[in-house]
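These are my notebook entries on one structure. I set down what I looked up, beginning with the terms.

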Amino acid sequence: MTDGEGSQPQQTPPAAQTPAPTQTTPPAGTPPPAGTAANGDKRPEDMTVGELVFEVSDQASTLIREEIELAKTEVTEKFNSLLRGSVAGLVAGVFALLALALAMNGFAWLLNDLVFDDPWAGFFVEAGIFLLIGIAGGLFAYRSFKKAAPPTPDMAIEEAKEIKAAFDGQNGQEDAP
C-alpha cells in the first residue's frame, strides 16, 4: 500500500480475451526487408533522384544549423572567458590600488627622511616611478586584449572550410568522366 494501490491483487484477463496484434514485428536480429535501411528508411540505391536531392538538402541544412550553433557556442565561451578575466582584473586592480596608495605615501615619507630635505621631492620621485609602472601595465593589457579580441569562432570557420572543400571535391569527381 505504499503507492496508493489497493490490497486486491490485479487480475489479468484470460488469454482468449486479449486482442491479437494487428501488425507483427520481426524477431530481433533479423535483417530488414529488401529495399530498406536498418533504420527503416530507403537505401540510397533504391531512392529516386528527387528523394536523394531532398535528403541531401535536408542533411545540408541540418549541418549548417549545427555549424551555426558551434559558432555561437564558441563565441559565447570566448566572450565569457574575456568577461571573467576582465572582472578578476578589475577586482585585483581595486585592491592593488588601495594597497598602492598606502605604500606610495609611506615610500614618499621614507625618501624625504633619508634623501631629501624638502617634503615634496620624495612625492615627485615616487610619482615618476609609478607612472613608468602604469605605462608598462597599460601596454601589457593592450597587447593581451588585442590578442584575445575579437572573439571569432575559429573552429567553426575551419569546419566550414573543410565542408566546402569536401563539396567542391565531390562536385569535381562527379563531373569527371
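**Terms and basis.** I call a residue buried under 20% relative accessible area, exposed over 50%, and partly exposed in between (1.4 Å probe, protein chains only). The model is predicted: local features need pLDDT of at least 70, side-chain atom pairs count only at pLDDT 80 or more, and totals for chains, interfaces and linings use all residues. Residues are numbered from 1 along each chain as its sequence is written, and side-chain values use heavy atoms, with hydrogens and water left out.

**Overall make-up.** I looked up the helices and strands, taken as DSSP runs numbered from the N terminus (helices H or I, at least four residues; strands E, at least two). The protein has three helices and zero strands, and from the N terminus on its elements run α-α-α. Of its 177 residues, 7% are buried. I then looked up the accessible area, which comes from the Shrake-Rupley method with a 1.4 Å probe, only the protein chains shown counting as cover for residues. The protein exposes about 14900 Å², and carbon and sulfur atoms supply 66% of that area. For contacts (heavy atoms within 4.5 Å), I noted that residues 24 or more positions apart account for 44% of those with a separation of 6 or more.

**Helix α1.** The 66 residues of α1 should span 98 Å, and the end C-alpha atoms are 93 Å apart, which agrees. The buried residues I found in α1 are E67, A71, E74, A108, L111 and N112.

**A nonpolar patch.** Patches consist of residues with over 30% relative accessible area and no salt bridge; like charges are joined within 9 Å, and nonpolar side chains (Val, Leu, Ile, Met, Phe, Trp, Tyr) within 5 Å. On the surface I found one formed by F79, L83, V87, L90, V91, V94, F95 and L98, with about 800 Å² of accessible area together. I checked V87, one of these residues: V87 is found in helix α1 and is partly exposed, at 46% relative accessibility.

**Salt bridges.** Side chains of opposite charge can pair when their charged atoms come close. I counted a salt bridge where a side-chain nitrogen of Lys or Arg is within 4 Å of a carboxyl oxygen of Asp or Glu. The count comes to two. In one, E45 joins R43, with the closest N and O atoms 3.9 Å apart; in the other, R43 meets D46 at 3.5 Å, N to O. These salt bridges share partners and join R43, E45 and D46 into one network. I found E45 exposed at 64%, whereas R43 is partly exposed at 36% and D46 is partly exposed at 35%.

**Aromatic pairs.** Which rings pair? I took rings of Phe, Tyr and Trp (its six-membered ring) with centres within 6.5 Å, calling planes under 30 degrees apart stacked, over 60 edge-to-face and the rest tilted. A search of the whole structure finds two pairs. W109 and F123 are edge-to-face, at 5.6 Å centre to centre with 90 degrees between the planes. W109 lies in α1 (residues 49-114) and F123 in α2 (residues 119-148), so this pair ties together parts that are 14 residues apart in sequence. W109 is partly exposed at 44%, and F123 is partly exposed at 31%. The ring centres of W120 and F124 are 5.9 Å apart and their planes stand at 70 degrees, so that pair is edge-to-face. Both residues lie in α2, four residues apart, about one turn of the helix. W120 is exposed at 51%, and F124 is exposed at 59%.

Technical notes: The expected span of a helix is 1.5 Å times one less than its number of residues.
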